[in-house]
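Hi,

Here is the structure I said I'd pass on.

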Amino acid sequence: MSAVETRGITESMAGYLAGHPSLKYVFFGGKGGVGKTVMAGATAVWAADQGRRTLLASTNPVHSLSGLLGQNVFGKHTTVTGVPNLVALEIDTRDAIERSKRDIQDKIQWFLKFAEISTKADEFVESATMNPAFEESAMFENMIDLMFKDEYDVYVFDTAPTANARRLLGMSKVYSLWVGKMMKSREEAQGLRQLLSFTKKKESDPLMEYLVDFQKRMEHARELLTDAEKTAFFFVTLPEALPIAVITRFINWFTEFGIPVGGVLVNMRIDRGVVKVDSAEFVRNRLAMQDEHMQTVWQKFDGQVRAIVPLFDDEVRGTESLRRLARAVFTKETAAAT
Ligand SMILES: Nc1ncnc2c1ncn2[C@@H]1O[C@H](COP(=O)(O)OP(=O)(O)OP(=O)(O)O)[C@@H](O)[C@H]1O
Ligand SMILES: [Mg+2]
């Protein structure tokens, strides 16, 4: 590619990884359809090929890993054929949500009994779980459960396409605040109850225990997710206006939250080498459009662009295709040749 294009990469993806040998949790974000799933897949295959036990997991309710790998990985940890160190998993969203619902139902039932309120728990459960944020928080809990189990060397998450990813993480902070408040009022209520009761013995309080445990988990998640040695979010964009605008916002949000941004991957760049003066006008125009947006990319993401990945003449499917993509993302030579 032209000198202009490669000049902009000050630290490649390979360079970033070499500088972060303990990197363990890798996430991909960006606008819909830009290539988050294929980048996650390529990264996972690459890490596994380096001999690291890797989990490629999708927390997105609309899964595409099975399609990408040509293998059913829904609902259970599945070894990927042809990649010995790689396990893939599409989290069963419905199952996760049902479990969370049951969990919350128990807590509410206990609480109503404790507070001597004679209302059925169902109504509370319904209103608590109808909230769209409930689904997200159930997925978030699933994700951190995977992380806490610590069964793999590397975790690559294919995140949801919209603001969900950021909200999920922002939530850990909100949770902490919320739980802190809840705990305080629970302690007060508990104190009052003990004061009013004749026996001075301390009652066990499952709701309180749950809250304390929950806060601990959230704090641990926040620690992991804000640790720049262990965690990195990569943002995928196309050399086009909208996807650039989307990741600009993401990067600002994430930086604000103290979540480590690993860098930007520019995907589907048309190979200049194959476009000639007599190429179809359509292709020449698109290349010119991309050239223009690349200027914005260099301006906005100066020092953060890790790779420029070519538009292949074929969709990315199957592990061999992911290996080819991984070469384009992780090896300097291929990236520089785009
Ligand atoms: N560099 C590339 N060259 C050719 N095709 C590509 C390239 N990158 C991605 N694709 C194809 O583009 C399509 C979208 O990619 P992918 O599913 O990874 O995007 P996504 O960001 O995960 O989308 P969603 O937001 O729907 O989850 C897929 O068909 C994929 O094979
Ligand atoms: Mg996807």
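Predicted model: local features only at pLDDT ≥ 70, side-chain atom pairs only at ≥ 80, totals over all residues.

Let me start in the sheet: strand β2 (residues 54-58) pairs with β4 in the parallel sense, over 5 bridges. Pairing here needs at least two DSSP bridges between the strands, and helices (H or I, at least four residues) and strands (E, at least two) are DSSP runs numbered from the N terminus. Within that pair, Thr54 sits opposite Leu86 in β4.

Before I go on, the housekeeping. Residues are numbered from 1 along each chain as its sequence is written, while chains are lettered from A and ligands numbered from 1 in the order in which they are written.

Back to β4 (residues 86-90), where 4 of the 5 residues are buried. By buried I mean 20 or more other C-beta atoms within 10 Å of the residue's own (exposed is 12 or fewer, partly exposed is in between, and C-beta atoms are placed from the backbone). β4 also has an antiparallel partner in β3 (residues 78-79), joined to it by 2 bridges, with Thr78 bridged to Ala88. The two make a hairpin with 6 residues between them, and Gly82 in the turn has a positive phi of about 85 degrees.

Zooming out, 8 strands form an open, mixed sheet in the order β3-β4-β2-β5-β1-β6-β7-β8. β3 and β8 (305-310) are at the edges with a single partner strand each, so one side of each has no neighbour in the sheet.

β6 (residues 231-237) and β7 (residues 261-269) are parallel over 5 bridges, and Val236 has Leu265 in β7 as its bridge partner. Together with helix α10 (residues 241-257), these two strands make a right-handed β-α-β unit; right-handed means that, with the strands pointing away from the viewer, the path from the first strand over the helix to the second runs clockwise. The chain then crosses from β7 through helix α11 (residues 281-300) to β8, again as a right-handed β-α-β crossover. β7 and β8 run parallel over 4 bridges, with Val264 opposite Val305 in β8. As for burial, 8 of the 9 residues in β7 are buried.

What about the helices: at what angle do α3 and α12 cross? The axes of α3 (residues 36-49) and α12 come within 8 Å and cross at roughly 90 degrees. Axes are lines fitted to C-alpha atoms, for helices over the stretch in contact, with angles from 0 to 180 degrees between N-to-C directions. That makes α3 roughly perpendicular to α12 (65 to 115 degrees; under 35 is roughly parallel, over 145 roughly antiparallel, the rest oblique). Among the residues meeting there are Val38, Met39 and Trp46 in α3 and Leu322, Arg323 and Phe330 in α12. In α12, the buried residues include Leu322, Leu325 and Phe330.

Overall, there are 13 helices and 8 strands, and 34% of the 338 residues are buried.

Cheers

Definitions and conventions. Contact = placed C-beta atoms within 7 Å.
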